Amino acid sequence: SLRTTPNMSTWRPCDAVETAAAWNAALKRQAGPTALVLSRQNLPHQERDKQQLADIQRGGYILKDSAGTPELILIATGSEVGLAMDAATALADKGRQVRVVSMPSTDVFDAQDADYRQAVLPAEVGNRLVIEAAHPDLWHKYVGLEGRVIGMTTFGESAPAGDLFPHFGFTVDNIVDEAGQLLDDAED
């Protein structure tokens with residue numbers, strides 16, 4: 001819900017590197033408040049090259065790319081980026097061309113020029129799947145009519161993340177299944 005607050009910049013980093021970038025962006029921002037939404041979980045470090053490190057400041061960037069044009073784009077934020085990376089590996093093992101986009105700040109990404117947004121989320125790749133442990137509504141603008149969102153539409157469950165994530169479908173197996181269905185539907 002912080003993302004819908006006018007003039008609020010919201011960051012949900014996936015690891016310590018994105019957290020440092022978010023903190024840096026918050027310190028530099030003069031136009032309004034910034035919210036950093038951090039996880040209580042131990043999150044895996046994601047390897048990045050120099051360009052990817054710079055692109056974190058753009059709010060969304062290609063964390064893992066396919067050898068050729070991707071047939072599927074996985075978009076994730078926060079603790080779900082690790083799941084997206086693991087799912088991309090599983091899908092690549094099945095011969096799929098998958099791109100992973102880490103989107104720590106949707107408002108910052110949306111403020112980028114059209115060429116950058118197109119380079120990260122090419123319009124010609126309609127097979128998109130977002131993974132975030134939050135309400136899915138915001139994400140439909142990124143997946144369009146052809147894509148899907150693995151999110152949460154209920155509230156009130158309380159348990160450790162390791163118990164809740166499978167309940168809500170935040171598992172590599174479920175992401176791979178959803179991606180497979182999405183790709184199968186596109187091929188029909």
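Both faces of strand β5 are covered in this predicted model: Val98, Val100 and Ser102 are buried on one side, and Arg99 and Val101 are buried on the other.

Strands of a sheet pair through backbone hydrogen bonds, in either a parallel or an antiparallel manner. On β5, both kinds can be seen: strand β3 (residues 61-64) runs antiparallel to β5 and is joined to it by 3 bridges, whereas strand β4 (residues 72-76) runs parallel to β5 and is joined to it by 5 bridges. Ser102 takes part in both pairings, as the bridge partner of Tyr61 and of Ala76.

Stepping back, these strands belong to an open sheet of 5 strands, arranged in the order β3-β5-β4-β6-β7 with mixed pairing. The edges are formed by β3 and β7 (148-150); each has a single partner strand, so one side of each is left without a neighbour in the sheet. From one strand to the next, the twist averages 30°.

Together with helix α3 (residues 80-93), β4 and β5 make a right-handed β-α-β unit. Helix α3 lies across β3, β4, β5 and β6, and it runs at about 160° to β4. Because angles over 145 degrees count as roughly antiparallel, α3 and β4 can be described in that way.

Helix α3 also has a helical partner. Two packed helices are described by the angle between their axes and the distance between the axes. For α3 and helix α8 (residues 172-187), the angle is about 55° and the axes are 9 Å apart; the two helices are therefore oblique to each other. The crossing of α3 past α8 is right-handed. On the α3 side, the contact is made by Leu83, Asp86, Ala87, Ala90 and Leu91, and on the α8 side by Val172, Ile175, Val176 and Ala179.

Definitions and conventions. Residues are numbered from 1 along each chain as its sequence is written. This is a predicted model: local features need pLDDT of at least 70, side-chain atom pairs count only at pLDDT 80 or more; totals for chains, interfaces and linings use all residues. Side-chain values use heavy atoms; hydrogens and water are left out. Buried means under 20% relative accessible area, exposed over 50%, partly exposed in between (1.4 Å probe, protein chains only). Helices (H or I, at least four residues) and strands (E, at least two) are DSSP runs, numbered from the N terminus. Two strands pair if DSSP finds at least two bridges between them. A crossover is right-handed if, with the strands pointing away from the viewer, the path from the first strand over the helix to the second runs clockwise. Axes are lines fitted to C-alpha atoms, for helices over the stretch in contact, and angles run from 0 to 180 degrees between N-to-C directions. Angles under 35 degrees count as roughly parallel, over 145 as roughly antiparallel, 65 to 115 as roughly perpendicular and the rest as oblique. A crossing is left-handed if the near helix is turned anticlockwise from the far one by less than a right angle, and right-handed if clockwise. Contact means heavy atoms within 4.5 Å.
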